[in-house]
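Work through the exercises below with the model on screen. Try each task before you read its solution.

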Amino acid sequence: MSTITITLPDGSQQQHPHGTQPLDIAKSISPRLADDAVVARVNGTLQDLTRPLEADATIEILTSKNPEALEVYRHSTAHLLAAAVLEVYPETRLGVGPPTETGFYYDFQRATPFSTEELEKIEAKMWEIQARDLKYERVMTHKPEGLDKYGKEGAWMKCELITEKADEWFSEYTLGPHFIDFCRGPHVPSTKRIKAFKLLSVSGAYWKGDQQREQLQRVYGTAFFSKKDQDDYLHRLEEAKKRDHRKLGKELDLISIQELAGPGLVFFHPKGALVRKLLEDWMREQYLKRGYSIVSTPHIGREQLWHTSGHLVNYADGMFVGMALDDATYRLKPMNCPFHILIYQDRQRSYRDLPVRLGELGTVYRYERSGVLHGLFRVRGFTQDDAHIFCTPQQIEEEIVSCLEFAVDTLRTYGFDRYSAELSTWDGGVSGKYLGTNEEWELAESTLRRAVERVGLKVKVMPEEAAFYGPKIDVKLVDVLDRPWQLSTVQFDFNLPRRFNLEYVGEDGKKHQPLMVHRALYGSVERFFGILLEQYAGAFPVWLAPVQVRVMSIADRHIAYATEVKQTLEAQGFRVELDAGNDKVNAKIREAQLQKIPFMLVVGDKEAENKTVSVRNRKHGDQGAQPLDQFIARLSELSTSRAPHE
């Protein structure tokens, strides 16, 4: 039998017979490697460990340490789910079942929804199939034969996928004698390799995400290489459920979404609106300190404006439909930038005027489909802390540095200490999809790189992920549950200055086009509010808490002194409530704890006589009796320093 040459990652080579499997090569290197092997990378492409090699190749064995291997592992678990569903409910039709960042899902068509009890039954069947040690085997099928086979079975979704995506010969994967699925693969060698998985939930989904197509059921699950990793993830998931901003927003009476008004439109209740005001006030104060001019612009504009900006060409699906008025058709604004440009353009600008920094907390409206709306994180009306900077090429680096420093200061102020940056770049003009000249892109990208280095941000370059109008830097934070969030962004724009013919008069007396930078730090006030709510599980830092102190009287005779304490604190500018009800003190304390109020002040005979307060902290419990002035000094320090914890 002839041999083939296998090149390993370290450059060494081995000779093997034709038809050797990558799993055999792993065994020749180390039995331990073979046990941990998940998939092979052959000539740069992922391939099953059990798929025979027929020619010379460069090969790498991927194990549980490789993120790509986890995707394959989860994809294989999705097939295990599909096989279990068909064994338990054979009338079910299969859709698609991809891996995700946290697990996998599979879409099914079935007359009745899956119940919680049925998910438990399916998961038990999955473990039963896993124990059979069934092989994931790849078979090649001729397209006409595949369409005929799936057509006879009524598997219309598979027929549609094969028609659209399959070559003349396509791959399928079997799992035992009774299950086969159209799939490119690769997969783990057998079900025994799958050690930890769990089904989590079921929800509705549309075929191919199209609301006009068939309604399906999407079963979500998760899978990890070890039960410990899975248990850790499930623990974080439970913590995330406890911190869900939709749940907390209702319990703490902060926000709501009213069905009568419509989905994706957020109502801030008095306490929520107060927190929102604090967020907005801080940002406006920072605008003024950092040399921004605060502006305010309309919520709608003539449709012609959106033609000029290019939004109607590139973003029409994300905009609300036009409103025909007496003089023109108007649109709700999806962006603030064209309005800021009109302010810049309202008078002639000199190089002496630049940089011009225009900042606004402006509400915008975007038509998000109902299926993607999610609490405060994905809405149809939201307020951006939007700013646009118009400057000369000589000023641009300092402006970018200032934007990034502003972004870092914002995260630190709100208690986030883990963050990094992503620099999205273009493809050098190869695709033709990017606007601007080579010189402009070189200036923009080199400026962003230098700015990131100067600020000391850890940065990851994202090739070919720039916006079509310019490169950008996204600053991502990591929250208390290790979830990444993209908030702050700093973006170059070569497009809008040209479309609006922006100019300034330079030192040479000639007209020049300014550079333009988009910049947002919260991203949106609504989304940032939701992230903060989950970060602190509703227990906002003292300076952000809608109620900072609740004063509690022990008996009716103490109400007068409790009222005096409340009025003294209010005179100092603190946010205070009085609980003078007839409940026992322990019940009052429990209620204040449930409302996440930072401090509770209990007053009785001794406190009234000594002009003190008995201080209780929501986190640290009883702090003992203190003179009121001493407590005020501590509360003032926590508020003015914006300490993340008390």
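**Exercise: a charged pair**

Task: Decide whether Arg110 is buried or exposed, then find its salt-bridge partner.

Solution. Start with accessibility: Arg110 has a relative accessible area of 15%, so it is buried. The cut-offs are under 20% for buried, over 50% for exposed, and partly exposed in between (1.4 Å probe, protein chains only). This is a predicted model, in which local features need pLDDT of at least 70, side-chain atom pairs count only at pLDDT 80 or more, and totals for chains, interfaces and linings use all residues. Residues are numbered from 1 along each chain as its sequence is written, and side-chain values use heavy atoms, leaving out hydrogens and water.

Next, the partner. Arg110 forms a salt bridge with Glu91, with 3.5 Å between the closest N and O atoms. A salt bridge needs a side-chain nitrogen of Lys or Arg within 4 Å of a carboxyl oxygen of Asp or Glu. Arg110 sits in the loop between β7 and α4, Glu91 in the loop between α3 and β6, 19 residues apart. Helices (H or I, at least four residues) and strands (E, at least two) are DSSP runs, numbered from the N terminus. Glu91 is partly exposed, at 48%.

**Exercise: another pair**

Task: Which residue does Arg498 form a salt bridge with, and how far apart are the closest N and O atoms?

Solution. The partner is Glu440, at 2.6 Å. Now place both. Arg498 is in helix α15 and Glu440 in helix α14, 58 residues apart. Arg498 is partly exposed at 36%; Glu440 is buried at 18%. In total, the structure holds 53 salt bridges.

**Exercise: an open sheet**

Task: Give the strand order of the open sheet of 5 strands, then name the helices that pack on it.

Solution. The order is β29-β28-β30-β31-β32, with mixed pairing. Two strands pair if DSSP finds at least two bridges between them. β29 and β32 are the edge strands, each pairing on one side only. Antiparallel β31 and β32 are joined by 6 bridges; Thr612 has Pro627 in β32 as its bridge partner.

Helix α18 touches β28, β29, β30 and β31, and its direction makes about 170° with that of β28. Helix α20 touches β28, β30, β31 and β32, at about 120° to β32. Contact means heavy atoms within 4.5 Å. Axes are lines fitted to C-alpha atoms, for helices over the stretch in contact, with angles from 0 to 180 degrees between N-to-C directions.

**Exercise: the core**

Task: How many residues has the largest nonpolar core, and which helix gives the most to it?

Solution. The core has 67 residues; Leu404 and Phe529 are among those with the most contacts inside it. Helix α13 gives the most, with 9 residues. A nonpolar core is a set of buried Ala, Val, Leu, Ile, Met, Phe, Trp, Tyr and Cys residues joined through side-chain atoms within 4.5 Å. Leu404 touches residues including Ala451, Ile473 and Val490, not counting those up to four places away in sequence.

Solution. Most residues other than glycine have a negative phi, and most peptide bonds are trans. The bond joining Leu354 and Pro355 is cis, with omega about 5°.
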